[in-house]
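Colleague: I have not looked at this one before. Can you walk me through it?

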Amino acid sequence: MRKTKKIVALVMGLLMSCSFAACGDKGGVNRNKTTVVEVAVHQGGVGYVWLQNAARRFEEANQDKSYATGKTGVKIEITPGGTALANQAMDSDSYNIYLVERTDTYPFIASGLLMDISEVLEITDSNGKTLEERINPSIRSMLKGNDGKTYVLPGWEFYSGVSYDKETFDTVGSYVADYDSTDAFEYESDYGTLKIVEYTGAKKSCGPDGKYNTDDDGLPSSLEEMLILCSYLKKEGVEPFTLPGSWPGYCKYLLAGLWTSLSGYDSMKAVYNFGGETVEIIKSDEHGELMFTNENLFEGIDYLKKPVTERVQITTENGYLTNDMTAKYYAAAFLEILEREGFLSRDASNAVGHTDAQINFLTGGTETTRKGMIMEGSYWWVESEMAGNFEDYQILTDKDINARDIRWMSLPTSLNEKTTEGNGEKNTLIDTCFSSCYVNNNIKNNEELKTASIDFVKFLYSEEELVNFTKDTGSFRPIEYEVSSDSFKSVFYRELTELRQNSNVVQFAAENNNDIFRYHRGALKIELGGSVFTANYAGKPFDSYLLAYRAGATAIDAIESTRFTPEEWKTFL
Amino acid sequence: MLFYVLVCLLPVIQFCIFTFYVNFNSIKMAFETYNYASASNNNFGVDGIVKSFAGFKNFKIAWQTLIERNYMFKNSLWLFISNIVITIPLALIFSFYLCKKCMFSGFFKVILYMPNIVSPMIFALLFQRVINLVYPEIMEQWFGKTISGSGLLVTGNNPSYGIVLFFNIWVSFGVNVLMFSGAMSGINASVIESSHLDGANLVQEFWYITLPMIFSTVSTFIILAMAGIFTNQMHLFTFFSGEITGLETLGYYIYLTAQKTDYVVSEALATKFAFLSYPQLAALGLLLTCIIAPITFLTRKLFDKYGPSED
């Protein structure tokens with residue numbers, strides 16, 4: 001027995017020493033002979049395969065270059081991590097370059113943690129235009145410190161909203177028919193009547209953009225139409241909306257998307273700009289309480305009422321009113337209706353992770369119930385690929401994932417007014433990624449790492465690499481460069497690319513560089529971690545409106561709890 | 001000589017950095033406020049954050065948070081009470097059972113120590129899967145009962161505080177048993193034998209001999225648990241990955257906020273959404289220390305004075 005114990009102890013000791021032995025040079029690189037640049041990159045979203053590809057190309061291109069005496073070549077070490085990568089302790093981090101998402105970089109600039117990378121802006125494209133000239137003008141100011149130097153570069157965009165399964169929509173004919181279509185029938189639901197196509201090829205409505213023969217034909221142009229379509233989908237055995245039950249916060253993607261589409265580009269800019277934009281808000285009484293009429297928001301929905309509205313010009317003085325925008329209330333109300341009327345999938349209330357919800361959406365009708373739409377960020381296709389969902393899809397369906405017809409949805413633009421030809425609106429997307437690239441200032445005195453890091457950043461922002469990035473991820477950077485939609489294998493990214501080219505994108509930026517946005521953007525941001533979509537109810541905070549609804553709150557409670565009072569707003573001024 | 005100096009130097013350096021500096025800095029920060037250099041002078045790009053003396057402003061905001069989010073206080077307290085009322089007494093009984101080498105004691109030993117061999121993170125994830133997936137499946141397959149919102153440990157399903165509490169009791173059980181049975185095995189066998197000769201039964205042996213002789217260990221556990229009331233995170237991060245659920249303990253809240261926050265946070269964000277800045281969190285920490293430190297010292301004093309004695 002004693003001998004056995006000794007042997008076991010010896011084996012365990014040996015195993016331990018093996019793990020210590022593994023802690024040698026990272027990736028077999030000899031740091032005394034090669035320059036090593038450490039890059040921290042956001043783990044989720046668009047992933048980091050694109051970065052590995054870019055790193056390999058950069059290493060090959062610089063294999064004979066020397067950044068320090070006695071060293072040849074450069075190695076890019078990539079470390080994926082979460083949002084915690086970006087923090088005030090970065091001056092003691094070993095990472096040289098950061099590519100992060102959902103980060104407010106201003107405190108880092110002000111703290112002197114970021115390196116001046118102004119020289120990167122001078123690189124030119126094939127037309128001789130500098131990078132600075134090609135960066136979306138609305139975000140240029142937020143890349144700079146108050147000294148005019150550039151410390152941050154824009155990362156990549158992803159949009160909040162909804163993807164819909166076009167194959168399911170085609171199968172059940174879930175499209176709004178054109179007003180004069182004869183190949184249509186009147187579908188009567190608890191929420192009203194809607195003319196729906198009898199078959200997929202029938203003449204569809206012009207969609208939210210008000211133009212025929214575009215991708216949004218037949219898609220609901222109002223929330224009322226969308227609600228009735230949800231009812232129709234459910235009747236046809238389809239779960240209208242899905243989201244991961246383990247991450248109910250994903251409902252914020254729907255909220256942000258709807259808030260934006262219902263507001264339109266010009267109004268939505270007010271939430272960061274406060275530059276005199278006119279927006280429609282819910283009127284408040286003399287006590288500051290939101291006012292509502294007795295009229296139901298939709299037919300058959302007696303628990304939500306139409307608000308009393310007014311149009312106001314948003315300035316820095318009354319910027320708090322952006323939280324009272326009717327579009328925000330309608331989005332919140334629609335989510336509440338989805339929850340209360342049973343339009344959310346089973347996955348939405350079970351222990352289902354985000355990539356599991358994605359595969360269930362992709363394979364809907366095969367293994368699980370068909371799903372009509374998924375609340376997600378537009379990056380989800382790449383994320384799904386990284387999670388191995390595409391292999392699973394292939395096994396389960398024996399079909400090619402790239403042919404799977406899932407598309408980003410142009411969302412409704414009004415509460416209950418049907419869009420007619422020529423009266424539509426250009427689609428509006430909202431970027432809720434706030435991705436950025438910056439260099440750690442702790443290497444400012446290390447010429448070797450400083451030069452190699454800036455070279456790599458320049459490489460990443462070269463015209464060719466911008467295109468490669470988009471081809472690898474399906475996501476765009478808010479920079480001017482050409483990528484043909486034919487470059488993509490998947491229908492999803494082909495269609496998204498075309499939609500993006502025909503859309504306005506609300507960026508996380510104030511075009512007028514106002515001080516409120518500059519210093520308080522953390523309190524204003526519209527994204528998963530933003531306070532704008534959290535709710536307080538019955539003395540407890542909830543991470544999302546959906547959680548609050550499940551605890552008994554209403555959309556009005558949710559909106560009320562996220563409003564800023566004029567007194568609170570004064571602390572921003 | 002050099003060896004002894006180095007050996008002594010290590011704990012001194014550790015004390016200086018991890019006790020003295022950290023606490024000193026935390027106390028100092030609680031009285032500071034950080035702001036961007038004046039927005040109007042527009043002259044900063046780097047080193048643009050200025051700090052100034054805040055007086056008790058941070059404490060006021062921290063106290064307000066404590067009052068408004070008082071459920072966190074309650075959650076922390078319930079965890080402590082369950083530890084004192086359930087975990088420690090049960091662990092004492094089981095340790096006694098193991099020490100007496102009763103039936104299946106060897107088997108129980110393995111079962112109870114097992115969770116401590118496996119990383120708590122892995123154990124928590126396993127537990128989560130059992131609760132979310134296996135339990136509903138068993139209920140449906142064997143009893144034909146559908147569990148509504150089968151993910152009982154999913155943020156969106158009004159997760160049960162009881163389930164999380166049960167996990168914490170379970171996972172800390174092994175450590176307690178390990179320590180108590182270790183202490184019990186150190187009791188002189190002749191004392192126990194003598195009590196048997198005097199006619200003591202097992203209950204009397206436990207109450208009059210064992211418990212007093214290991215009370216120093218028990219009291220240490222109670223005092224440690226008390227000191228940790230406001231730092232215990234209850235494994236919530238593992239279960240809910242940082243989403244706010246209404247189950248937060250103060251320890252979890254502080255950890256989560258410290259991860260996301262910064263030196264400068266808009267005042268409205270702090271007061272309305274309890275998103276405190278580093279200085280405000282430091283003030284909150286000090287406030288909690290002010291609450292718990294006297295209670296802890298008093299408890300220790302009371303234990304020393306009135307606790308069971310070996311005499």
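This is a predicted model: local features need pLDDT of at least 70, side-chain atom pairs count only at pLDDT 80 or more; totals for chains, interfaces and linings use all residues.

Colleague: Fine. How many helices and strands does chain B have?

Modeller: Chain B has twelve helices and two strands.

Colleague: What is the radius of gyration of chain B, and what would a compact globule have?

Modeller: Chain B has 25 Å, whereas a compact globule of 311 residues would be near 19 Å. Along the principal axes, its C-alpha atoms fill a box of roughly 85 × 70 × 40 Å.

Colleague: And how much of chain B is buried?

Modeller: The buried share is 32% of the 311 residues. On contacts in chain B, take those between residues at least 6 apart in sequence: 67% of them join residues at least 24 apart.

Colleague: Switching to the backbone. What is phi at A274(B)?

Modeller: Phi of A274(B) is near 55°, which is positive although the residue is not glycine. A274(B) sits in the loop between α11 (267-273) and α12 (278-306) of chain B.

Colleague: Is A274(B) buried or exposed?

Modeller: A274(B) is buried, because 24 other C-beta atoms lie within 10 Å and the cut-off for buried is 20 or more.

Colleague: What about F274(A), where is that?

Modeller: F274(A) is in the loop between α10 (270-273) and β9 (275-282) of chain A. Its phi is near 50°, again a positive value in a residue other than glycine. F274(A) has 26 other C-beta atoms within 10 Å, so F274(A) counts as buried.

Colleague: Now the sheet in chain A. What is the strand order?

Modeller: The order is β2-β1-β3-β16-β4 in chain A, an open sheet of five strands with mixed pairing. Its edge strands are β2 (74-81) and β4 (153-154) of chain A, each pairing on one side only.

Colleague: How do β3 and β16 of chain A run, parallel or antiparallel?

Modeller: Antiparallel: four bridges join β3 (residues 97-100) of chain A to β16 (residues 436-439) of chain A. Within that pair, I97(A) stands opposite V439(A).

Colleague: Which strands does α15 of chain A touch?

Modeller: Helix α15 (residues 447-460) of chain A packs on the sheet and touches β1, β2, β3, β4 and β16 of chain A. The direction of α15 makes about 50° with that of β1(A).

Colleague: And where does α2 of chain A lie?

Modeller: Helix α2 (residues 49-61) of chain A lies across β1 (35-42), β2 and β3 of chain A, and runs at about 170° to β2(A).

Notes. Residues are numbered from 1 along each chain as its sequence is written. Chains are lettered from A and ligands numbered from 1 in the order in which they are written. The radius of gyration is taken over C-alpha atoms; the globule rule is 2.2 Å times the number of residues to the power 0.38. A residue is buried if 20 or more other C-beta atoms lie within 10 Å of its own, exposed if 12 or fewer, and partly exposed in between; C-beta atoms are placed from the backbone. Two residues are in contact if their C-beta atoms, placed from the backbone, lie within 7 Å. Two strands pair if DSSP finds at least two bridges between them. Axes are lines fitted to C-alpha atoms, for helices over the stretch in contact, and angles run from 0 to 180 degrees between N-to-C directions.
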